[in-house]
Amino acid sequence: MPTIKDIMNTMEYGPAPEGNAEVKAWLAGLGDGIGHFINGKFTDARAPLIEVLNPATDASLAQVAKGSAEDVEAAVRAARAAYPKWSALPGHARAKYLYAIARHIQKRERFLSVLETMDNGKTIRETRDIDVPLVARHFYHHAGWAEVLDSEFPNHTPVGVCGQVIPWNFPLLMLAWKVAPALAAGNTVVLKPADLTPLSAWAFAQICAEVGLPAGVLNIVNGDGETGAAIAGHPDVDKVAFTGSTEVGRLIRRQIAGSGKKLSLELGGKSPFIVFEDADLDAAVEGVVDAIWFNQGEVCCAGSRILVQEGVAPRFFAKLTARMQVLRTGDPLDKTMDVGAIVSRKQLTRITGLLAQGEAEGATLHRAPGALPKTGNFCAPGFFTGTAPASTVSQVEIFGPVATTLTFRTADEAVTLANDSRYGLAASVWSENINRAIEVAAKVKAGVVWINATNIFDAGAAFGGYRESGFGREGGREGMAEYLSPAWEKGGKARPAPALAIEVSPFTGKSDRADIDVTAKLYIGGKQARADGGQSYTVLGKGGVAIGQAALANRKDVRNAVEAAHKAGGWGGVTAHNRAQVLYFFAENLDQRRAEFEALLIDSTGTSAKAAAEEVELSIRRAFWYAAQADKFDGAVHATKSRHVTLAMNEPFGVMGLVCPDEAPLLSLLSLLLPAIAMGNRAVVVASQSHPLIAARLYQVLETSDMPGGVVNLLTGERDVLARTLAEHDDVAALWYCGSAEGVAMVETASAGNLKPVWTDGGRLRDWRDPAQGQGADYLRRATQVKTIWLPYGE
Ligand code: NDP
């Protein structure tokens, strides 16, 4: 007689399909297909049409129109027309719309879950338990932001019309991540879903119509990459928000360079999943299930590189293999399935191609057993062993349910391997030793770190990447900031070209001083340095009279300065109190030399004695202000899920490039430098091209202020030549540029290589004396990147 245990072990799963009659009826009601949702109206599906397939059955679900430039034009026009009224509504009125949307989503949870499963191929278990509840949560959370906007973001305005392009892996959730904050802040939207998965966006548009969202506030233009490019490039779009591949992110960066549009990019990843020998191995194995086999591995933050400490590797892989045996891959509408269908034949082909390449490069592929359904795009989950860190599959995003694995010996080696990627989206750390786990979390270069957990999301916590995983954050306070601008920022006069052209030939003009032969040097790694090319340029002061010579830095000097800045990495690790002390000391020393700087400003710029005194006074105050902020602009603990500490840590970028304007040459330089270093960055500063002697005088102050060598590096020379090198440099993590409009376009284009965040002032003059324009939390926010660390607790 079989025991109960025998029976349990031999029991087969029966089918447990979720009913889809309601969705089928809805699809039948679409008639010839879906067009666009523009200005509150649903347009007919006009040719050319794209067929939407159910990836699990290959059955046709609908036809979707491919939006033309005219459709995009109509949508942007509608969004622009709706903007004044929508943005002027009291936050409470917008909150009510968002709340209504959230309620309607909740009422339709089952419908939306089934629709998403049929359109995308992801399992009903996930759409029902993860995607759709999170969508509702995002609208509730952002209804809250709309309500409290005035008090939480004083003196800010919405950005305007937002163009948003989303991918196919979390169609409705990505829509929610983009639409909810945009509308809460008072923007209007033109959104393009992926052509593979447009259906839940259509259902969402119906909800918006149902709740009476004013026409034109949300517009949906269906289509492919060309349609997406038309939205991003439309001249009347003020902000572009994109989620998708790093390649397309780069294209968009270049496409809109110099246009003045705000940009946020959420791109790919190759996220490490680090298992230490003291981890709860069974929990870590379950973690892998949620890391790489969740959503068929089509997850930008999937834990796709498993790093296991050597001592436990055999045991861990044995457990992982055993767990993989019982994974079920098949009909995603079946509630008992773990892994559904890959979104398209093309994506499946891409995945299988990469898997073959992994094997060809010598790795061993372990797959879950069992037959896959005969129709549809299914891919057995698995993992590689024997992958080298530099192999294709270790470096490239597979975007399928297969992880690579590596072993490591020490925590330092784990961190080195974890950071051996051009991406930096997420990481997962498994250890029962909290000290070790948090130390590794702090060292890993990633925007999101889960400790003893993985793939946890919440509307209240920021999500987004470091390095080539993009910039900008979605969710929470940080996400809201992406959809707002300082109120004073609109307009402003264009900044003229530098007053002083670089002249290296011997000076033959008028000079009234003997020290014209003394050349101001560069300041690199804490030392005064001659320009690599040995060249200098003549500096003209008040009345066009030569007042000195400045070193003419070249590309090599930029590289030297970046290298020196890298070596000063300890600055990010000292306490904020220490950094504040250095800044106070700097202010004190500047104060001592007040008269000298005032005289130099008058001599250099021809400004009045009163204005020069004011500039020096404000510079000293600014140093005090940022010294004060060094230990006050700190992170947060977000209220997200129960029994989770969700930390938002403000981390420095590392090495920042700062390119200074001509106006107020001392104050503007310090307005850029002080927030950067107060937050723990090291800076390579290109000083004012026309008034470079200020920088030379400044390094004398730095030398007496206990500023560690390499934290501040000062270069003088041709602004845009040096700015280009900084923009192209892979080891410069972020760039601020205050130059001309052409220079803005140039640095934004040149930065597409490593996709560093670039902040510019649009080539417009600002009043550096005004604290609203030249100082403040916006500078500190731009000088940091938020790392979200998730720390579950409880036995
Ligand atoms: P894409 O980056 O091409 O697609 C993302 C979105 O951008 C889609 O809506 C797409 O339209 C649109 N798009 C494509 N080209 C442009 C363009 N030039 N300008 C504006 N929008 C554009 O990703 P794929 O679908 O091609 O997937 C390729 C790989 O990208 C995957 O294998 C995966 O590695 C990665 N990926 C990463 C994602 C992430 O979340 N980080 C999400 C999706 C993919 P349409 O699809 O309609 O053509």
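Here is a short tour of this predicted model, from the ligand out to some loops and helices.

Before you click, note that residues are numbered from 1 along each chain as its sequence is written, and that side-chain values use heavy atoms, with hydrogens and water left out. In this predicted model, local features need pLDDT of at least 70 and side-chain atom pairs count only at pLDDT 80 or more, while totals for chains, interfaces and linings use all residues.

**Stop 1: the ligand.** Select the ligand and the shell around it: 27 residues, the closest being Ile166, Trp168, Lys192, Asp195 and Ser245. By type, the shell has 13 nonpolar, 9 polar and 5 charged residues. (Ala, Val, Leu, Ile, Met, Phe, Trp, Tyr, Cys and Pro count as nonpolar, Asp, Glu, Lys and Arg as charged, and the others, Gly among them, as polar.)

Now color helix H9 (225-233), strand E9 (239-243), helix H10 (246-255) and helix H13 (345-360): each supplies at least two shell residues. Helices (H or I, at least four residues) and strands (E, at least two) are DSSP runs, numbered from the N terminus.

Next, zoom in on Arg350, where a polar side-chain atom sits 3.0 Å from a ligand oxygen. At Gly223, a polar backbone atom is 3.2 Å from an oxygen of the ligand, and at Ala229 a polar backbone atom is 3.4 Å from a ligand nitrogen. How much of the ligand's own 860 Å² of accessible area does the protein cover? The protein covers 85% of that area, using the Shrake-Rupley method with a 1.4 Å probe.

**Stop 2: two loops.** Go to Pro48, in the loop between strand E2 (41-42) and strand E3 (49-53). The peptide bond from Ala47 to Pro48 is cis, with omega near 0 degrees. Then pick Asp58, in the loop between E3 and strand E4 (60-65); its phi is positive, near 65 degrees. Most residues other than glycine have a negative phi, and most peptide bonds are trans.

**Stop 3: helix pairs.** Show helix H18 (residues 555-567) with helix H24 (residues 719-728): they pack at about 45 degrees, axes 9 Å apart. That makes H18 and H24 oblique to each other.

Note on methods. Near = heavy atom within 4 Å. Polar contact = N/O pair within 3.5 Å; in protein donor to acceptor, adjacent residues only side chain to side chain. Axes fitted to C-alpha atoms, helices over the stretch in contact; angles between N-to-C directions. Parallel < 35°, antiparallel > 145°, perpendicular 65-115°, else oblique.
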